Structure formats: C-alpha cells, structure tokens
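Reader: Please take me through the pocket and the aromatic pairs of this model, with the cut-offs behind each term.

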Amino acid sequence: MLHVYGALNTNNQGENPSEVTTEGEAKQYDLVVNYTGNIGKYAIRMTLNFDTGLGTYYYTGKGANHKLSLRMYRNENFLKLVESNHEGTITGVFEGHISRNGVYSGLFTAYTGTVNKFRVAPTE
C-alpha cells in the first residue's frame, strides 16, 4: 500500500531524516528539501515538501516560470512522484529511492512512454 506523504521519520534524535517509515500515520514535521540534478541529459531543480506531500520542479533550460506540480506517494524506502501540468493533467511519474545521503534516483516515465534515469541531490 502506498501512502501519501509523511514519508520521513524526523524525531531529531540523530536518525537519518531520509529514512522512510511504513507507519500509516503521517509524521508531523516541517521539512522542505531543494534538489538539483537531471532527468537523462536535462538539468532540473526540484522542491519537495515532506510535510504536505507536494512539490514542484522545472527544467533549468526552460526556467522557473515553467514549474510542474508533484504529488508524493511512498512505501517503505520507495518514493513515487506523480507530475502534473498547470491544468492538472498527469504528464509523468518519478519512481525511485532516497539514499541515506538524501539523493533521490530512479526512473522517470513521461506521458509519451519515454523512460529516462533521473538523479537529484539536496542543495545546501
């Protein structure tokens, strides 16, 4: 079963904040993470809010005015982001894992069926 948001366990007791919990309840925390990386050969910037389960991203070549919306789903250490455009139409899906150092990587499937590897790392 996939759960929407509440993916990270952040009890501030030294646990790695990228550890995913399988509990059915959403954890309450205020965690927004900015990422940079790529989908295939295209550079992207992504922001994920692990409190709300929502996010955005854009291709750096197109600029920040062309953001796509993201909806987060998770199951253990698996994280799925469903992409939609400004009209709410689903246009792609990210499926992957977040490593202990916060890198999120896996496969991105576009609405056309094209599949590319993606990798994004937290920015400082």
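Reader: What volume does the largest pocket have?
Author: This is a predicted model, in which local features need pLDDT of at least 70 and side-chain atom pairs count only at pLDDT 80 or more, while totals for chains, interfaces and linings use all residues. Residues are numbered from 1 along each chain as its sequence is written, and side-chain values use heavy atoms, without hydrogens and water. On a 1 Å grid over the protein atoms alone, a pocket is an open set of points with protein on both sides within 12 Å along at least five of seven lines, lining residues having an atom within 4 Å of a point. Taken as the space filled by probe spheres set on the points, the volume of the largest pocket is about 330 Å³.

Reader: Which residues lie closest to the centre of the largest pocket?
Author: The lining of this pocket comprises 15 residues. Closest to the centre are Y57, Y59, K62, L68 and F108.

Reader: What is the geometry of the aromatic pair of Y57 and F94?
Author: Rings of Phe, Tyr and Trp (its six-membered ring) pair if their centres lie within 6.5 Å, with planes under 30 degrees apart counted as stacked, over 60 as edge-to-face and the rest as tilted. For Y57 and F94 the values are 5.2 Å centre to centre and 85° between the planes, which makes the pair edge-to-face.

Reader: Is F94 buried or exposed?
Author: Buried means under 20% relative accessible area and exposed over 50%, with partly exposed in between (1.4 Å probe, protein chains only). Because its relative accessible area is 0%, F94 is buried.

Technical notes: On a 1 Å grid over the protein atoms alone, a cavity is a set of points where a 1.4 Å probe fits but cannot get out, and a pocket is an open set with protein on both sides within 12 Å along at least five of seven lines; lining residues have an atom within 4 Å of a point.
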